[in-house]
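Please keep the sequence and the structure open beside the text.

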Amino acid sequence: MSGTCPYGPLLAAGAAGISPFRRAPTSPERRFAFQGTRHGTEETTLTTATGQRTFDSLDPATGAVVGTHPIQDAAAVRAAVAEAGTAAAWWAGLDRAERRRRLLDYKAILARDLTRIARLVHEETGKPEADATLEVVLAITHLDWAARNAHKVLGMRRVSPGLVGANIAATLEYLPLGVVGVIGPWNYPVFTPMGSIAYALAAGNAVVFKPSELTPGVGVLLATLFTEAVPEHQVFQTITGLGETGAALAGDPEVAKIAFTGSTATAKRVMAACATNLTPLVAECGGKDALIVDADADLPAAADAALWGALSNAGQTCVGVERIYVVDAVYDAFMKELTDRAGQVKAGRDYGPITMPAQLDIIRRHIDDAVAGGRAVLGGTGSVRAPFVDPVIVEDVPEDSSAVREETFGPTVTVKRVADVEEALEKTNATAYGLAGTVFSGNTRRALELARRMRGGMTAINSIISFASIPALPFGGVGDSGFGRIHGADGLREFARPKAVSRQRFALPGMNLTSFTRSQKELDRLVRLVTFLHGRRR
């Protein structure tokens, strides 16, 4: 793809969900309501056998069982966190170079088993193996960066004390938190959680990972492979289960921080669980990202990028393109480019099924709403044919439509004609979300200014989601898209605590200011010094 990120949109959004495809229940059966799904509540049938509650992970395209996993209750979570606490003390006590070596060993193991991991991602999410492969590759590059840069970012450094503190030596370093809990999504089950796991491990923490109910096997495999590099302690372990398992992790008093990916509504419930123990949280909660096409943009490249951003992974990408605003002068030419290309993309061949079946109802509702207020250029309500959704493009959709205001998380996109890029930017920013966006323009200065003013944590120019392939860049949003950052130096610091130390090297004569023996003469000297240093306007 010309001018696009080679890895495509490999970032996530989506809390864990439960597929309704289950094996026929056997007696005795129990039913549980899980409310940690991305877009609502689903109900599933669970069976009790040999005293152990289990659930199945399934191929969303066929309903075939991929694996069966235990539902770990609060007691099991407590035991895992306690074990992680012991591991955290050992891991933090290792020399930084030794931690780096172990993490690079883990990276090599992931690269060795890349095909195996990608195959499992394909089976549990339904996405093409090629896309799963790209996801794993990108996760590996982030792990490599975190391991190699942790000491430079977090290690002890001297800090200038200033003239007033000339007799003080000051240092700053970032210390591990302890046990970090990661609650991951299903749409990018390797790349997204590894954006927290890798950086937390590199910062010296132990990690307890709760993967989505739809992709537990991927989470188990990631932790299993880690033990090859670090066999001594459970520094990185995976727990499996439903909503109760994630709630137990978020509410455990020994967890030092939670990294969560999911909906805004679920993030609020996770925050409530964390609040009991004042556990800090980094939350990525999805988006409604827009792509702006300027009058002098490369239209074939912009259409190609917009199409990938909207349709890849069946549109199940938090930083995917859901809205397009095109300057009037090039609108018709852009639409021809977009629709001609979209007509060649097929669900089930170029992208997979909708991974979480309950999402189909939301996608259908948004398509109905869009078509009722606008004009379908490609596809329509009939495009929803479970478990797949064919590409849908609708133009002239009212800005107050749910298809424009709410996250759809499907292979659909709305397109709007605007007078100029200022109108495009105004409409782009008129949302509660603020995650990412894209600008296509031939004017570099104008593109940079638009990118800076676009509400959100990341903006790509003349490329699609290219920030995902740059480990040094932080990732995160504002507003309903969440808070905190993963990736880059900010991501490393997100999983560490700053420790400041000041040491008096010698006493300043006649300046003993922090003593009850302080004289007026000493205070006068201080005032004269501060006036000399700071009293002149510039």
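Let us begin with confidence. This is a predicted model, and its chain has an average pLDDT of 91, with 91% of the residues scoring at least 70. Residues 1–46 are a stretch to read with care: pLDDT stays under 50 there, although the model has 172 contacts beyond four places in sequence for this stretch.

**Cysteines**

How many disulfides does the model have? The count comes to zero. A disulfide is a covalent bond between the sulfur atoms of two cysteines, and the cut-off used here is a pair of cysteine sulfur atoms within 2.5 Å. For C274, the closest cysteine sulfur is in C285, 12 Å away, so the two are too far apart for a bond. C285 in turn has its closest cysteine sulfur in C318, and because that separation is 9.9 Å, it is too far for a bond. Are C274 and C285 buried or exposed? C274 is buried, at a relative accessible area of 2%, and C285 is buried as well, at 4%.

**Cavities**

Next, the empty space inside. Rolling a probe the size of a water molecule over the atoms shows where empty space is left. In this model the search gives seven cavities of 30 Å³ or more. The largest cavity holds about 100 Å³ of space. Of the 14 residues lining the largest cavity, F260, T261, V282, E284 and I486 are the closest to its centre. Which elements supply at least two residues each to this lining? They are helix α5 (191–202) and the strands β10 (257–261) and β11 (281–284). By residue type, the lining of the largest cavity divides into seven nonpolar, five polar and two charged residues.

**Backbone details**

Most residues other than glycine have a negative phi, and most peptide bonds are trans. Some places in this chain depart from that pattern. The peptide bond from A386 to P387 is cis, with omega near 0°. P387 sits in the loop between β15 (384–385) and β16 (388–389).

N313 is not a glycine, yet its phi is positive, at about 55°. This residue belongs to the loop between α9 (299–311) and β13 (323–327), and N313 counts as buried at 6% relative accessibility. I465, also a residue other than glycine, has a positive phi near 55°. The loop that holds I465 runs between β20 (458–461) and β21 (482–483), and I465 counts as buried at 1% relative accessibility.

Where does R112 lie? R112 is in helix α2, which covers residues 96–112. With a relative accessible area of 49%, R112 is partly exposed; the cut-off for exposed is over 50%, so R112 falls into the class in between. Beyond its neighbours within four places in sequence, R112 is in contact with L225 and E228.

L225, one of those partners, is found in helix α6 and is buried, with a relative accessible area of 1%. Which residues does L225 contact, leaving aside those within four places in sequence? The contacts are Y106, I109, L110, R112, D113, R116 and I117. Between L225 and D289 there are 64 residues in sequence and 35 Å in space, C-alpha to C-alpha.

P211 is located in the loop between β8 (206–210) and α6 (216–229). It counts as buried at 3% relative accessibility. Not counting residues up to four places away in sequence, P211 touches G184, P216, G219, T238 and I239. P211 and L242 are 31 residues apart in sequence, and their C-alpha atoms are 9.4 Å apart in space.

For quick reference, here are relative accessible areas of residues discussed above.

| Residue | Relative accessible area | Class |
|---|---|---|
| C274 | 2% | buried |
| C285 | 4% | buried |
| N313 | 6% | buried |
| I465 | 1% | buried |
| R112 | 49% | partly exposed |
| P211 | 3% | buried |
| L225 | 1% | buried |

Note on methods
Residues are numbered from 1 along each chain as its sequence is written. This is a predicted model: local features need pLDDT of at least 70, side-chain atom pairs count only at pLDDT 80 or more; totals for chains, interfaces and linings use all residues. Side-chain values use heavy atoms; hydrogens and water are left out. Buried means under 20% relative accessible area, exposed over 50%, partly exposed in between (1.4 Å probe, protein chains only). On a 1 Å grid over the protein atoms alone, a cavity is a set of points where a 1.4 Å probe fits but cannot get out, and a pocket is an open set with protein on both sides within 12 Å along at least five of seven lines; lining residues have an atom within 4 Å of a point. Grid points are joined across faces, edges and corners, and a volume is the space filled by probe spheres set on the points. Helices (H or I, at least four residues) and strands (E, at least two) are DSSP runs, numbered from the N terminus. Ala, Val, Leu, Ile, Met, Phe, Trp, Tyr, Cys and Pro count as nonpolar, Asp, Glu, Lys and Arg as charged, and the others, Gly among them, as polar. pLDDT is the predictor's confidence in each residue, from 0 to 100. Contact means heavy atoms within 4.5 Å.
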